[in-house]
Amino acid sequence: MGGAVFDVLGKAIDGKELRQLIIEAIRYGDTPEVRARLREKVEGALDHRRLQALIEEKALAHEIMDVVQVFAIKKMMERMEALRLQPHFIAAFFKAAFKHLGGTIVEREPGRYQLRYVPAIIRERGRRLGFSDHILRSYERICFEKELRQVPGKPTADFVAPGHPLLDTVINLILERYQDLLKQGAILVDEKDPGGHGRGHGP
């Protein structure tokens, strides 16, 4: 679109209505009900034929991709999605690392945890790393999936993901302590193999 995405959408959807949709999405977009309603609004307000005409008008390139190119892009997108760091990997790492550093974490609701005590070593390292959001002594709730931030009748949870000071600080401390060990690689053992032979794997 050459940086003209808003201009194109502003022509495909009434400008005032588009502005209201964007404001509503920013304010309440985390709520599933609001997301569903906004999706319906966009579908109802969008003139697809007009949008297609505007896209062709604004397009930077007019070449049409053949089926092979489309499937190649689809395959690449699927691979990127598979390689994306999934929330359960982040949760598994954080819980183990946090306990290892002396923290206390308790599951309160499915996928939502209370951090009763955040060790001083984590809080001090966070200050040294210069995070503007200070790491607290305790957290009433944290979660690793955005959809779990709000649960009726329960405290709002901090969404812990890459970029959150608490997670980034824990990663920093673990790497400092064990980066030499990580460089040594690992030995993988197949428990189902009766021979018990390990297979070396480098870093």
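In which helix is the place of Ile 171? Ile 171 lies in helix H8 of this predicted model.

## A nonpolar patch on the surface

Ile 171 belongs to a nonpolar surface patch that also includes Phe 93, Leu 175 and Leu 182. Together these residues have about 330 Å² of accessible area. Helix H8, which spans residues 165-183, supplies the largest share of the patch, namely three residues.

The relative accessible area of Ile 171 is 33%. Because buried means under 20% and exposed means over 50%, Ile 171 is classed as partly exposed.

## The sheet

The model contains an open sheet of four strands, arranged in the order S1-S2-S3-S4 with mixed pairing. Strand S1 (104-109) and strand S4 (158-159) stand at the edges; each has a single partner strand, so one side of each lacks a neighbour in the sheet.

Strand S2 (residues 112-117) and strand S3 (residues 139-143) run antiparallel and are joined by three bridges. Across this pairing, Tyr 113 is placed opposite Ile 142 in S3.

## Helix H7 and its surroundings

Helix H7 covers residues 120-128, and its buried residues are Ile 122, Arg 123, Arg 125 and Gly 126. When H7 is viewed down its axis, these buried residues fall within an arc of 165°, and therefore they line one face of the helix. In an α-helix there are 3.6 residues a turn, so residues three or four places apart point the same way.

The buried residues of H7 pack against helix H6 (87-100), strand S2 and helix H8. After H7 comes Gly 130, which has a positive phi, near 80°.

Key:
Residues numbered from 1 in each chain as written. Predicted model: local features only at pLDDT ≥ 70, side-chain atom pairs only at ≥ 80, totals over all residues. Heavy atoms only, no water. Patch = residues over 30% accessible without salt bridge, like charges linked within 9 Å, V, L, I, M, F, W, Y side chains within 5 Å. Areas by Shrake-Rupley, 256 points an atom, 1.4 Å probe, with all protein chains shown as cover. Salt bridge = Lys/Arg side-chain N within 4 Å of Asp/Glu carboxyl O. Helix = DSSP H or I, 4+ residues; strand = E, 2+ residues; numbered from the N terminus. Buried < 20%, exposed > 50% of the residue type's maximum accessible area, 1.4 Å probe, protein only. Pairing = 2+ DSSP bridges. Arc of directions from axis to C-beta. Contact = heavy atoms within 4.5 Å.
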